[in-house]
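Hello,

Here is the structure I promised to pass on to you. Please open it alongside this email, and then read on for what turned up in it.

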Amino acid sequence: MLLLVAGLVLAAVLAWQAADAARSHQAATAAVLRDYAGLAGAEFVRRSSALVGYEGCFRLVTAIRQATPPLSAASTAAGDQVLSPDQVATRDQVATRLDVNTRRALDLATRYLRFTPASGRLEATDRLPEALSQELARRLGEVSGRIASGRGAFTTIRVNDAGTARAFVVAPIEAAITPPGGSKGAPADLVGFELNLDALAPWFRQVLERAPLLPPSISHGKVGNDRLALEVVDAAGRTRFRSGAMTYGGFGEEIPFGDAYDGVFEGMRLRVSLNAAAAPALVIGGLPRSRLPQLLVLLVIAAGLTAAGLVLLRRERAVAAMRSEFVSRVSHELRTPLTQIRMFSETLLLDRVRTDDERRRGLQVIDDEARRLGHLVENVLQFARGERGALRLDLQRRDLGALIRETVEGFEPMARRAGAAVESRLDGDLTARLDAGALRQVLLNLLDNAVKYGPEGQRIRVEAERLDGFCRIRVEDQGPGVPPGERERIWAPFQRLQRDETAAVAGTGIGLSVVRELTVLQGGRCWVEECPEGGARFVVELPAAGPAPSDERARADT
């Protein structure tokens with residue numbers, strides 16, 4: 001038992017070690033996949049920033065600067081530089097400055113605007129909300145000097161308007177305006193447009209369609225962009241682009257766009273994840289599957305085998321105990337008749353009898369005990385044959401009534417010695433296919449059982465009748481009977497009623513098991529029930545036999 005338990009503990013430790021190794025392997029592979037996802041995401045950020053920053057925003061703001069009408073001469077002379085709506089570039093004016101290949105940049109603008117730093121006046125093709133216009137004018141005033149100094153081709157101003165991220169791309173007009181007689185140029189007007197974040201999706205999609213984000217040298221050309229899931233989120237947390245069927249998570253990373261191309265995507269983030277199906281092309285062996293279910297199954301099987309082994313060990317010990325008890329019971333059962341036979345044999349040999357009646361009584365005791373001894377030995381032999389599957393019966397058509405009478409007559413001397421009387425009642429045609437020796441053994445076991453457990457002076461009844469194609473034998477005693485809850489258990493080998501465990505009733509514990517086995521082998525069945533007058537009624541039912549072939553021929557001749 002200790003070895004079985006130690007084996008189970010060892011199996012549990014090995015399962016834990018295997019699960020831990022698989023978990024470490026999986027974690028390492030997942031880290032590699034996240035690194036590759038981050039590499040692909042960084043490449044996407046670089047390409048999309050270059051595409052939108054240069055081919056989109058730069059070309060569009062350049063066309064706006066070229067298409068913006070100059071200030072009127074009167075406004076210039078007065079020096080107030082007051083803007084009017086007709087001094088803001090229109091879509092048509094900007095479109096004429098773009099060729100066919102770059103005209104798609106027009107979709108990036110929702111409105112055009114112009115800002116005069118000197119007056120702080122902001123004008124747009126579509127009027128902005130008052131609060132947004134004031135905040136944007138303030139922000140443009142803060143950056144106008146830096147932009148005018150030529151530190152960048154354009155810059156991006158980001159404003160959070162009621163939870164919505166808005167971006168404005170602005171750049172100075174080509175030349176600074178110098179007032180009449182002035183010596184220093186005033187800050188140039190700023191022109192630009194509001195970036196349409198909803199129009200970025202086609203540009204991002206073009207980045208995915210151009211070339212794989214992972215270099216072919218890493219993936220051997222087997223991992224395309226279809227194995228990636230990307231999601232672009234603006235500064236307010238709103239999704240502006242999504243590609244791929246996978247959800248973000250697992251083997252993924254989150255990458256900020258940064259301030260590339262004067263911050264055209266500043267504040268935006270890219271979430272990128274890699275499909276686990278791409279693992280074999282990127283990592284030797286691919287992503288290992290979790291073996292936890294298999295390990296749990298094996299552990300459960302090991303636990304089950306250990307439990308089965310413990311149960312079998314316990315059962316083996318119980319069987320050994322039952323065999324030891326069986327040997328003890330058989331030895332005790334054999335000792336009693338042998339003692340009687342030896343005692344009366346010595347008495348007769350030494351001629352210690354005084355009368356012929358005493359001699360006859362001694363011979364009768366020797367005969368009864370010999371019969372009892374033979375019955376006991378036959379029971380043991382039948383049980384042993386049944387245990388090893390060597391029990392064979394010779395089933396023939398026989399007169400059941402005659403066999404019952406013969407067996408009862410042979411048992412009556414033993415019954416009288418126990419102070420019991422045996423009555424028999426046989427009705428109808430009792431012809432059946434059976435083994436005579438087996439049936440005799442069945443009846444002797446039932447009669448011996450009735451004598452053993454019944455009171456002194458009882459009447460044992462043996463009845464037989466033909467009923468619905470069966471020959472039914474009943475053996476009734478006047479003993480204490482069998483409780484309903486134990487009427488099936490008593491047919492098993494070595495089983496006794498709980499009330500008889502401490503009683504002085506002798507027995508081997510195999511009599512009723514031999515009865516059931518011999519009955520079943522003859523095609524019948526047996527059970528025990530309560531007798532109406534008290535006691536137990538053991539019933540044996542055997543298939544009845546049809547008429548003999550000679551009888552059939554006689555009826556046919558008639």
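Arg354 counts as exposed, because its relative accessibility of 74% is over the 50% cut-off. Its side chain meets that of Glu358 in a salt bridge, with 3.1 Å from N to O. Glu358 itself is partly exposed, at a relative accessible area of 30%. Please keep in mind that this is a predicted model.

In general, side chains of opposite charge can pair when their charged atoms come close. Two further pairs are worth a look:

- Asp427 and Arg425 join their side chains in a salt bridge of 2.3 Å, N to O. Asp427 is partly exposed, with a relative accessible area of 31%, and Arg425 also counts as partly exposed, at 40%.
- Arg166 forms a salt bridge with Asp161, where the closest N and O atoms are 2.9 Å apart. Arg166 has a relative accessible area of 17%, which is under 20%, so this residue is buried. Asp161, at 25%, is partly exposed.

There is also a network of salt bridges, which links Glu231, Arg242, Glu254, Arg269 and Arg271.

Now to the nonpolar cores. The largest one has 61 residues, and those touching the most other members are Phe44, Leu60, Val94, Tyr112, Phe193 and Phe257. Helix H1 (residues 2–67) gives the most to this core, with 14 residues. A second, separate core holds 48 residues, including Leu439, Ile490, Trp491 and Val540.

Finally, some empty space. Rolling a probe the size of a water molecule over the atoms shows where such space is left. The second largest pocket has a volume of about 260 Å³. It is lined by 14 residues, and Arg371, His375, Gly410, Arg440 and Leu444 are the closest to its centre. Which helices each supply at least two residues of the lining of this second largest pocket? They are helix H10 (356–387), helix H11 (400–417) and helix H12 (436–453). By class, three residues of the lining are nonpolar, six are polar and five are charged.

Enjoy exploring, and write back with any questions.

Best wishes

Terms used
Residues are numbered from 1 along each chain as its sequence is written. This is a predicted model: local features need pLDDT of at least 70, side-chain atom pairs count only at pLDDT 80 or more; totals for chains, interfaces and linings use all residues. Side-chain values use heavy atoms; hydrogens and water are left out. On a 1 Å grid over the protein atoms alone, a cavity is a set of points where a 1.4 Å probe fits but cannot get out, and a pocket is an open set with protein on both sides within 12 Å along at least five of seven lines; lining residues have an atom within 4 Å of a point. Grid points are joined across faces, edges and corners, and a volume is the space filled by probe spheres set on the points. Helices (H or I, at least four residues) and strands (E, at least two) are DSSP runs, numbered from the N terminus. Ala, Val, Leu, Ile, Met, Phe, Trp, Tyr, Cys and Pro count as nonpolar, Asp, Glu, Lys and Arg as charged, and the others, Gly among them, as polar. A salt bridge is a side-chain nitrogen of Lys or Arg within 4 Å of a carboxyl oxygen of Asp or Glu. Buried means under 20% relative accessible area, exposed over 50%, partly exposed in between (1.4 Å probe, protein chains only). A nonpolar core is a set of buried Ala, Val, Leu, Ile, Met, Phe, Trp, Tyr and Cys residues joined through side-chain atoms within 4.5 Å.
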